[in-house]
Amino acid sequence: IEGEIAALNEKGFGFIKVEGESKQVFFHAKNLFDTKFDDLRVGDKVSIGSIEKGEKGKSAKDVQLIED
């Protein structure tokens, strides 16, 4: 699954735009794989290992920056 960073929060979380999803998908810094939160920028392309449904909506797991 591929997406694009839509928003970042200094508290260590953000949202990803994923094609085919009506809402942006939440992610937390603890769900990053081989990527540091501080290296992410809005507009960066990322791969997502899986999207899980939780109480507050969907969240991305195993998020990794796709290097250009």
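Predicted model: local features only at pLDDT ≥ 70, side-chain atom pairs only at ≥ 80, totals over all residues.

Student: Which other strand does β4 pair with?

Tutor: Strand β4, covering residues 45-54, also pairs with strand β1, residues 2-9, again in the antiparallel sense, and that pairing has three bridges. One of the residue pairs to look for there is Glu4 with its bridge partner Lys45 in β4.

Student: OK, and what joins β2 to β3?

Tutor: Strand β2, residues 13-18, and β3 are antiparallel and are joined by four bridges; as an example, Phe13 has His28 of β3 as its bridge partner. The hairpin of β2 and β3 has six residues between the strands, and Gly20 in this hairpin takes a positive phi near 90°.

Student: Which residues of β3 are on its covered face, and which on the uncovered one?

Tutor: In strand β3, which spans residues 25-28, the covered face carries Val25 and Phe27, whereas Phe26 and His28 belong to the uncovered face.

Student: Let me zoom out. How many helices and strands does the chain have?

Tutor: The chain has zero helices and five strands, so that its order from the N terminus reads β-β-β-β-β. Its radius of gyration is 11 Å, close to the 11 Å that the globule rule gives for 68 residues, so the chain is as compact as a globular protein of that length.

Student: What share of the residues is buried?

Tutor: Of the 68 residues, 29% count as buried. The chain exposes about 4,900 Å², and carbon and sulfur atoms supply 45% of that area.

Student: How about contacts between residues 24 or more positions apart?

Tutor: Such residues account for 48% of the contacts in the chain, when the contacts considered are those with a separation of 6 or more.

Student: And the charges, how many positive and negative side chains are there?

Tutor: There are 11 positive and 14 negative side chains, and the centres of the two sets lie 8 Å apart.

Student: Back to β4, then. Is Glu52 buried, exposed or partly exposed?

Tutor: Glu52, which has its place in strand β4, is partly exposed, because its relative accessible area is 40% and that class lies between the limits of 20% and 50%. Leaving out residues up to four places away in sequence, Glu52 touches Gly57, Lys58, Ser59 and Lys61. Its C-alpha atom is separated by 9.9 Å from that of Phe26, a residue 26 positions apart from Glu52 along the chain.

Student: What does Ser50 contact, apart from its neighbours within four places in sequence?

Tutor: Ser50, also found in strand β4, is in contact with Ile1, Ser59, Ala60 and Lys61 once those neighbours are set aside. Ser50 counts as partly exposed at 26% relative accessibility, and its C-alpha atom is separated by 14 Å from that of Phe15, 35 residues apart from Ser50 along the chain.

Terms used. Residues numbered from 1 in each chain as written. Heavy atoms only, no water. Helix = DSSP H or I, 4+ residues; strand = E, 2+ residues; numbered from the N terminus. Rg over C-alpha atoms; globule rule 2.2 N^0.38 Å. Buried < 20%, exposed > 50% of the residue type's maximum accessible area, 1.4 Å probe, protein only. Contact = heavy atoms within 4.5 Å. Areas by Shrake-Rupley, 256 points an atom, 1.4 Å probe, with all protein chains shown as cover. Lys, Arg positive; Asp, Glu negative; His and termini not counted. Charge placed at Lys NZ, Arg CZ, Asp CG, Glu CD. Pairing = 2+ DSSP bridges.
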